[in-house]
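Please read this briefing alongside the sequence and the structure.

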Amino acid sequence: RSLPLKPSAYRLRPLTGYGPPPSAPGRTPVRHEALMSMTGRGRTMVLTFDDGPDPRYTPRILDTLAEYDVRAMFFVCGEMAVDNQDLLARMADEGHIVGNHTWSHPLLTRLTRRQIHSEMSRTSDVIEEGYGERPRWFRAPYGAWNRAAFQFGSEMGMEPLAWTVDTLDWTTPGAGVIVDRVEKGAAPGVVVLSHDAGGDRSQSVRALRGYLPHLLDSGYHITVPRRQFLSLVNIS
Ligand SMILES: [Zn+2]
């Protein structure tokens, strides 16, 4: 069965905003509890970077995060992680969280259960090698979850994590626009989506240097979630 988005092609396509609606009846488990709790009080936000690691951009993002003593989440693809194990080790050393973003970034809703399982489990394996522990978080490519993805994620000990502010940085709108989107979207509990791979991400790298100090100056606490052990309900 051929896939609509081959690894070489998906890099050129929108990485977000694609897929079935998140609450398609009968297809998607619905959560009625918060996904996570976060340390710190008040204005807390989470920064997430997807599709890497990429040796061209990820180290520069890590440098900026280190400069400001901030931890973030990286949802990595297995096919990127396997060649950049040193970056996974650096993420572990510097206190970041590495999550599973599948092996080849497919649209999971088009795959068989067996293929979905393979995409997820191989990625957890390669993360364990480089990062030192298996991932506890999972994010479906394009935000396109399905029942199998939730089920396997749960079996593999991972919580799903979406986002609330999409920088749309993959459209390369200019670093200033990305900064603007993050700062306008800033609010307590916000989860920001950016990308450190999948194309030219120099704007994403530059933008972080713009909005991160502003957020910190505005009193935001940029942190990573503690994992919650919640069960999915209303799976029908
Ligand atoms: Zn992605």
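The model is predicted. It holds a zinc ion coordinated by Asp51, His101 and His105. Helix α7 has buried residues on one side, and α8 is among the elements that cover them.

**Zinc site**

- Along the chain, the spacing of the zinc donors reads D-x49-H-x3-H.
- Both histidines, His101 and His105, are buried.

**Helix α7: two faces**

- Helix α7 runs over residues 175–185, and its buried residues include Ala175, Ile178, Val179 and Val182.
- These residues lie on the same side of α7 because they span an arc of only 100° around the axis.
- Gly176 and Lys184 are exposed, and they sit on the face of α7 turned away from its buried side.
- Strand β7 (191–195) and helix α8 (202–217) are among the elements covering the buried residues of α7.

**Packing of α7 on α8**

- The axes of α7 and α8 are 8 Å apart, and the two helices pack at an angle of about 40°.
- At that angle α7 counts as oblique to α8.
- The crossing of α7 past α8 is right-handed.
- On the α7 side, the contact involves Ala175, Ile178, Val179, Val182 and Glu183.

**Packing of α2 on α4**

- Helix α2 covers residues 58–67 and helix α4 covers residues 85–93; their axes cross at roughly 10° and come within 11 Å.
- The two helices, α2 and α4, are therefore roughly parallel to each other.
- Thr58, Pro59, Leu62 and Asp63 of α2 make the contact with Leu87, Arg90 and Met91 of α4.

**Val224**

- Val224 lies in the segment that follows β8 (221–222).
- The relative accessible area of Val224 is 15%, so this residue is buried, the cut-off being under 20%.
- Apart from its neighbours within four places in sequence, Val224 has contacts with Arg71, Ala72, Met73 and Ile97.
- Val191 is 33 residues from Val224 in sequence, and the C-alpha atoms of the two are 9.6 Å apart in space.

Methods: Residues numbered from 1 in each chain as written. Predicted model: local features only at pLDDT ≥ 70, side-chain atom pairs only at ≥ 80, totals over all residues. Heavy atoms only, no water. Buried < 20%, exposed > 50% of the residue type's maximum accessible area, 1.4 Å probe, protein only. Helix = DSSP H or I, 4+ residues; strand = E, 2+ residues; numbered from the N terminus. Arc of directions from axis to C-beta. Contact = heavy atoms within 4.5 Å. Donors = N, O, S within 2.8 Å, 3.2 Å for Na, K, Ca; no water. Axes fitted to C-alpha atoms, helices over the stretch in contact; angles between N-to-C directions. Parallel < 35°, antiparallel > 145°, perpendicular 65-115°, else oblique. Left-handed = near helix turned anticlockwise from the far one by under 90°.
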